[in-house]
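Welcome! Take a moment to look over the model below, and then let us walk through a few of its details together.

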Amino acid sequence: MNDKTEELRDIFTDVTDGEETITESQENTRGSLERDERSDDERLESVVTQLRERYEFETPLEDEELIAVANGFYDGRDDATIAADLGSDAETVFEARMALHLVGEDDADEVDLVAIRDREEDDETLAEEYGVTAADIRRFRRVAAAKDESRAANDRYREEFDSILADADLSAQMATDVREDGLEDATEGMETDVDF
């Protein structure tokens, strides 16, 4: 070794506390996004638990049933259908959906929620004004309250449901589309009208 090399070696040894070599372990990762290793059911249970703890809502439904409500909502089923599957009633499912911040597009399409949100008139007065029933006004007010609650939480819980349930549906649809496209490409130009 020449003097410069030996001097560099001494500096390296001083800096590394006498270690001869320094290596950094490397991980073989795919992509830069971290993946939540919990199952979808575990993640759903976590969201439901967080909502229960934060808002302390009352419902006769157990956590597993609330998860079923969320799944049914994302599957596009209405409250009555979900209720029938749970052996419950549509009103209980509706209240559970609102507690979970799962407001659908058709939950209050007849009345402007902003208009009734801060109105102090009773339900009957507003019902007469809007030409709906008092029960409808109570429902619309519940929808408005659920939207406000969700917005106050920056839609965090709704986004979590979206990431678990909507992304799962999207992944399944993409896999189906890929299979169909692959089959279409494989059979392109083949004679399919064959008599035996």
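## Around Ser 150

Setting aside neighbours within four places in sequence, Ser 150 is in contact with His 101, Asp 155 and Arg 158. This is a predicted model, so please read each detail here as a feature of that prediction.

Where does Ser 150 lie? You will find Ser 150 in helix α8, which covers residues 134–152. Is Ser 150 buried or exposed? Its relative accessible area is 5%, and because buried means under 20%, Ser 150 counts as buried.

## Two aromatic pairs

How many aromatic pairs does the structure hold? There are 2. One of them brings together Tyr 55 and Tyr 157: the ring centres are 6.2 Å apart and the planes stand at 80°, so this pair is edge-to-face.

Tyr 55 has 21% relative accessibility and counts as partly exposed, whereas Tyr 157, at 3%, counts as buried.

Phe 73 and Tyr 74 also form a pair: their ring centres lie 5.4 Å apart with planes at 85°, so this pair is edge-to-face. Phe 73 is buried, with a relative accessible area of 16%, and Tyr 74 counts as buried at 16% relative accessibility.

## Where α4 meets α5

Two packed helices are described by the angle between their axes and the distance between the axes. For helix α4 (residues 79–86) and helix α5 (residues 90–99), the axes come within 8 Å and cross at roughly 105°. Angles of 65 to 115 degrees count as roughly perpendicular, and α4 and α5 are therefore described that way.

Which residues make the contact? From α4 come Asp 79, Ala 80, Ile 82, Ala 83 and Leu 86. From α5 come Ala 90, Val 93, Phe 94 and Arg 97. Sorted by class, this contact has 7 nonpolar residues, 2 charged residues and no polar ones.

## A charge over a ring

Phe 94, one of the α5 residues in that contact, has another partner to look for. The charged end of Arg 139 sits over the ring of Phe 94, at 3.9 Å from the ring's centre.

Key. Residues numbered from 1 in each chain as written. Predicted model: local features only at pLDDT ≥ 70, side-chain atom pairs only at ≥ 80, totals over all residues. Heavy atoms only, no water. Phe/Tyr/Trp six-rings, centres within 6.5 Å; stacked < 30°, edge-to-face > 60°. Buried < 20%, exposed > 50% of the residue type's maximum accessible area, 1.4 Å probe, protein only. Lys NZ or Arg CZ within 6 Å of the ring centre and 35° of its normal. Axes fitted to C-alpha atoms, helices over the stretch in contact; angles between N-to-C directions. Helix = DSSP H or I, 4+ residues; strand = E, 2+ residues; numbered from the N terminus. Parallel < 35°, antiparallel > 145°, perpendicular 65-115°, else oblique. Contact = heavy atoms within 4.5 Å. Nonpolar A, V, L, I, M, F, W, Y, C, P; charged D, E, K, R; others polar.
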